[in-house]
Amino acid sequence: YDGHRGIDIDVPSFRQMDADFPVLAVAPGVVIRVVDGFADRNTSCVSNDANVVQIRQDDCSLALYAHFKRNSIR
């Protein structure tokens, strides 16, 4: 995408997502934003409708995790 400088890592499949495949933060930090409740089968980047966790990591960088299973963020 234009301006995208992130690293995309995917859960292997919808089947594993449905079985609660674990997603863990890559570094310690503080959760600063959570969005949950959107449909979880969006496979395009056309809209911003996504279940998201944003973390300010201890080194002050930001990590954004997106496209979680609906109602799975703890």
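The side chains of Asp40 and Arg41 form a salt bridge in this predicted model, with N and O 3.1 Å apart. A salt bridge is counted when a side-chain nitrogen of Lys or Arg lies within 4 Å of a carboxyl oxygen of Asp or Glu. Side chains of opposite charge can pair when their charged atoms come close. Asp40 counts as buried because its relative accessibility is 18%; buried means under 20% relative accessible area, exposed means over 50%, and partly exposed lies in between (1.4 Å probe, protein chains only). Salt bridges with shared partners join Asp18, Asp40 and Arg41 into one network.

The structure is a predicted model, in which local features need pLDDT of at least 70, side-chain atom pairs count only at pLDDT 80 or more, and totals for chains, interfaces and linings use all residues. Residues are numbered from 1 along each chain as its sequence is written, and side-chain values use heavy atoms, with hydrogens and water left out.

The structure holds three salt bridges. One of them joins Arg41 to Asp18, with the closest N and O atoms 2.7 Å apart. This pair links distant parts of the chain, since Arg41 is in the loop between strand 1 and strand 2 and Asp18 is in helix 1, 23 residues apart. Helices (H or I, at least four residues) and strands (E, at least two) are DSSP runs, numbered from the N terminus. Arg41 is partly exposed, at 38% relative accessibility, and Asp18 is partly exposed as well, with a relative accessible area of 39%.

A salt bridge also forms between the side chains of Lys69 and Asp20, at 2.8 Å from N to O. Lys69 lies in the segment after strand 3 and Asp20 in the loop between helix 1 and strand 1, so the pair ties together parts that are 49 residues apart in sequence. Asp20 has a relative accessible area of 49% and is therefore partly exposed. The phi of Asp20 is near 65°, a positive value in a residue other than glycine.

Three strands form an open sheet in the order 1-2-3, with antiparallel pairing. The edge strands, each pairing on one side only, are strand 1 (29-35) and strand 3 (62-66). The twist averages 20° from one strand to the next, where axes are lines fitted to C-alpha atoms (for helices over the stretch in contact) and angles run from 0 to 180 degrees between N-to-C directions. Strands of a sheet pair through backbone hydrogen bonds, either parallel or antiparallel. Two strands are taken to pair if DSSP finds at least two bridges between them.

Strand 1 and strand 2 (residues 52-57) run antiparallel and are joined by six bridges. Within this pairing, Gly29 stands opposite Gln57 of strand 2, and Val34 has Val53 as its bridge partner in strand 2. Strand 2 and strand 3 pair in the antiparallel sense over five bridges, and Gln54 stands opposite Leu64 in strand 3. The hairpin of strand 2 and strand 3 has four residues between the strands, and in this hairpin Cys60 takes a positive phi near 75°. Five of the six residues of strand 2 are buried, so strand 2 is largely enclosed by the rest of the structure.

Gln57, in strand 2, is buried, with a relative accessible area of 11%. Leaving out residues up to four places away in sequence, Gln57 touches Val26, Ala27, Pro28, Gly29, Ala63 and Tyr65, where contact means heavy atoms within 4.5 Å. Ala27 is in the loop between helix 1 and strand 1 and counts as partly exposed at 27% relative accessibility. From C-alpha to C-alpha, Ala27 and Ile7 are 14 Å apart in space, and they are 20 residues apart in sequence.

On the surface, Val30, Ile32 and Leu62 form a nonpolar patch with about 270 Å² of accessible area together. Patches are made of residues with over 30% relative accessible area and no salt bridge; like charges are joined within 9 Å and nonpolar side chains (Val, Leu, Ile, Met, Phe, Trp, Tyr) within 5 Å. Accessible areas come from the Shrake-Rupley method with a 1.4 Å probe, and for residues only the protein chains shown count as cover. Leu62 lies in strand 3 and is partly exposed, at 48% relative accessibility. In the segment after strand 3, His67 has a positive phi of about 70° although His67 is not a glycine. His67 is partly exposed, with a relative accessible area of 39%.
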